[in-house]
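Here is a short report on one protein chain. Keep the sequence and the 3D view open while reading.

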Amino acid sequence: MPDAASPEVASDQETLREALAAGDAALERIAPILSHLLTTPDHSLFSDEIVARIRGMCHHLAWQVLRAQAEAAGQAGREAFAERHGAALAEHFFGSPALLAHCHALAIEWQLTEKLEVQYGIDPVLSPLVQELIADEDSSLASAAMASLTAQARFAQSQRRMELPLSELPGDLFHHLLMGWRDYAGQVRSDAMIRAESKLREAFDEGAGRIALLARVVTGMGNEGLQALDIDRAGAALFLSALATRSGQSRTATVLSTNHRQAARLALGLRAAGLESSDVERQVLRLDPQAEPPRGIAAFATEEARRLLAETPISGIE
């Protein structure tokens, strides 16, 4: 193996940095492109399925807050009220880069989940590792794994329906969405809206959401968390959460790194998460058999890979 200080290794590292920068530049264009696609009929730059799924999730979010408003107002036709005003509120939500980025990541995750099921027979809900963890001697870990399984089943059902329950939003995004609802109402915010928002906030529990439960499983695994970086054993959901937690990236950034043009970020993330270079290459190729794993990844120590990722965040992605 070439010496870490050799010109060859230095050149490979610089090539990897350039590939990371080029990939990040492409990812930074996602939000404005999505915003454009959701408000125009031309979907040529993104797949129709992804755009339709994001649109469906935004409409479902709008429907939920409007139904809560109608309920607080004591209206009999709650669904009809939500349907009548849902399209306009969803259109308002389309202007939120943070919300679009989150919905886009969920759509990409589900697309990956379905691909893994078709190509490798990996169950979209119950992976081999989750099944093992449910039977773990550590009762708290087993309980967290069981809760994550239930949450993953809900996620699968919601994605098939192109829906997103309010309860599954991260806390900051839940607040952001309610602020967007306020902004949409402007100066005509009614007492019913105020009561509905208060009730929605009281009912919200971020810790019960799927992403929080998966993170709890990864944390509970401790040093054994490397097992979750095997996509065949862990399945997409736990793999992505483990990669995000162990590499120091947001889960959204981690999901986007599975795109076929993001091999540099994916490889660096896996290295930062603690995988050896040979395992990094295997996972990259498992996710995309046509990918070209970046050379020079072995020359990056775990902390160095984490530092490089921290120094090159994706603009607009949290």
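## Overall make-up

This is a predicted model. The protein chain has 15 helices and zero strands. Of its 318 residues, 47% are buried.

Contacts across the sequence are a marked part of the picture. Among contacts with a separation of 6 or more, 70% join residues 24 or more positions apart.

Helix 9 covers residues 191-203, 13 residues in total. From first C-alpha to last, helix 9 reaches 19 Å, close to the 18 Å expected at 1.5 Å a residue. Its buried residues are Ala 192, Met 193, Ala 196, Glu 197 and Leu 200. These lie on the same side of helix 9, because they cover an arc of only 130° around the axis.

The face turned away from that buried side carries the exposed residues Asp 191, Lys 199 and Glu 202. What covers the buried residues? The cover includes helix 3 (48-72) and helix 8 (171-185).

## Leu 166: a buried loop residue

Leu 166 sits in the loop between helix 7 (139-160) and helix 8. Its relative accessible area is 7%, so Leu 166 is buried; the cut-off for buried is under 20%.

Which residues does Leu 166 contact, leaving aside neighbours within four places in sequence? They are Leu 61, Gln 64, Val 65, Phe 174, Leu 177, Leu 200 and Phe 204. One of these, Leu 200, is also among the buried residues of helix 9. Val 65 is 101 residues from Leu 166 along the chain, yet their C-alpha atoms are separated by 8.5 Å.

## Helix 13: covered along its length

Helix 13 (residues 263-272) is mostly covered, with ten of its ten residues buried. The buried set includes the arginines Arg 265 and Arg 271. It also includes Leu 266, Leu 268 and Leu 270. After helix 13 comes Gly 274, which has a positive phi near 115°.

## Two partners of helix 13

Helix 11 (residues 231-247) packs against helix 13 at an angle of about 70°, with the axes 8 Å apart. The two are therefore roughly perpendicular to each other. Their crossing is left-handed. From helix 11, Phe 239, Leu 243, Arg 246 and Ser 247 take part. They meet Leu 266, Gly 269, Leu 270 and Ala 272 in helix 13.

Helix 15 (residues 302-311) also crosses helix 13, at roughly 135°, and the axes come within 7 Å. Helix 13 and helix 15 are therefore oblique to each other. This crossing, too, is left-handed. On the helix 13 side, the meeting residues are Arg 265, Leu 268, Gly 269, Arg 271 and Ala 272. On the helix 15 side, they are Thr 302, Ala 305, Arg 306, Leu 308 and Leu 309.

## Thr 254: a buried threonine

Thr 254 belongs to helix 12 (residues 251-256). Is Thr 254 buried or exposed? Its relative accessibility is 0%, so Thr 254 counts as buried.

Not counting residues up to four places away in sequence, Thr 254 touches Leu 240, Leu 243, Ala 244 and Gln 249.

Conventions:
Residues numbered from 1 in each chain as written. Predicted model: local features only at pLDDT ≥ 70, side-chain atom pairs only at ≥ 80, totals over all residues. Heavy atoms only, no water. Helix = DSSP H or I, 4+ residues; strand = E, 2+ residues; numbered from the N terminus. Expected span 1.5 Å × (residues − 1). Buried < 20%, exposed > 50% of the residue type's maximum accessible area, 1.4 Å probe, protein only. Arc of directions from axis to C-beta. Contact = heavy atoms within 4.5 Å. Axes fitted to C-alpha atoms, helices over the stretch in contact; angles between N-to-C directions. Parallel < 35°, antiparallel > 145°, perpendicular 65-115°, else oblique. Left-handed = near helix turned anticlockwise from the far one by under 90°.
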